[in-house]
Amino acid sequence: MADDVPPHVLVIDDEPNIRDLVRAALRFHGFTVSSAGDGATGLDCAREEKPDLILLDVLLPDISGFEVCRKLRGRGDDVPVIYLTARDTPTDTVTGLSLGGDDYVTKPFSVEALIARIRALLRRAKRDAPAGEGTGVRGSVGLIHYADLEIDERKWKVRRDGRPIDLSPTEFRLLAYLAGNAGQVVTRAQILENVWGGEYTGQSQVLETYISYLRRKLDRYGPPLIRTQRGVGYALRAPDAR
């Protein structure tokens, strides 16, 4: 997405009033907008239009928004996805994020808060790597080495003990930020600022969910690396570090 080209947002929602409201708000704020009223049409639009971000209703008339996201990721489409959902339950949140979604907004929602989420997500999607420097050892350009982890920020690849680990874009940014500050406790606010963006207004539940996913994937190949500092935040520490 070039800086002088308005970001293109695809809205997939079966409620005409929601589509009209969001479309008008986005256009007012300078976005290009297209829309679809069901999952199948939305998938076709995503393939043909290649939007910069998708607003995706969870409850669609043909297939669920979760299934739409699963199909997008299955065909290699990493377009940022924000779920629009009337069901703000931990189970739904975990399901949506595990399928590759990046954020969620609960209906009814504030239009200004939604615009802030969209801008934050688009901004971080343009970054080559998350901000922040720390005690993770950087080798050649774009590589971070810590303990038995190797993170290639240019190729978006992670290995632990030489074995590849498949991460979503958000999981990758979170791990790279922790690794760039390895050995240090970073607060929840710092993580949200640097990984989700300064305008992010979401709940810490999203962060905790992604930490859980990272732990599950990393711990398959060695001792736990992500430590919790209760009431403060998280740290990436080698197993023999205190």
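The axes of helix α6 (residues 169-180) and helix α7 (residues 188-196) come within 10 Å and cross at roughly 125°. Axes here are lines fitted to C-alpha atoms, for helices over the stretch in contact, and angles run from 0 to 180 degrees between N-to-C directions. Helix α6 is therefore oblique to α7; angles under 35 degrees count as roughly parallel, over 145 as roughly antiparallel, 65 to 115 as roughly perpendicular, and the rest as oblique. The crossing of α6 past α7 is right-handed, a crossing being right-handed if the near helix is turned clockwise from the far one by less than a right angle, and left-handed if anticlockwise. On the α6 side the contact (heavy atoms within 4.5 Å) involves T170, R173, L174, Y177 and L178, and on the α7 side Q190, I191, N194, V195 and W196. By class, this contact has six nonpolar, three polar and one charged residues. Ala, Val, Leu, Ile, Met, Phe, Trp, Tyr, Cys and Pro count as nonpolar, Asp, Glu, Lys and Arg as charged, and the others, Gly among them, as polar.

The model is predicted: local features need pLDDT of at least 70 and side-chain atom pairs count only at pLDDT 80 or more, while totals for chains, interfaces and linings use all residues. Residues are numbered from 1 along each chain as its sequence is written, and side-chain values use heavy atoms, with hydrogens and water left out. Helices (H or I, at least four residues) and strands (E, at least two) are DSSP runs, numbered from the N terminus.

Attention now turns to the sheet. Five strands form an open sheet in the order β2-β1-β3-β4-β5, with parallel pairing; two strands pair if DSSP finds at least two bridges between them. At the edges lie β2 (32-36) and β5 (103-106), each of which pairs on one side only. Neighbouring strands are turned by 20° against each other on average, direction ignored. Strand β1 (residues 8-12) pairs with β2 in the parallel sense over five bridges, and I12 stands opposite A36 in β2.

Two helices pack on this sheet. Helix α2 (residues 39-49) touches β1, β2 and β3 (53-57), its direction making about 170° with that of β1. Helix α3 (residues 65-74) touches β1, β3 and β4 (81-85), and its direction makes about 170° with that of β4.

These helices also pack against each other, at an angle of about 30° and with their axes 10 Å apart; α2 and α3 are therefore roughly parallel. Helix α2 passes α3 in a right-handed crossing. G39, L43 and A46 of α2 meet V68, K71 and L72 of α3, giving four nonpolar, one polar and one charged residues in the contact.
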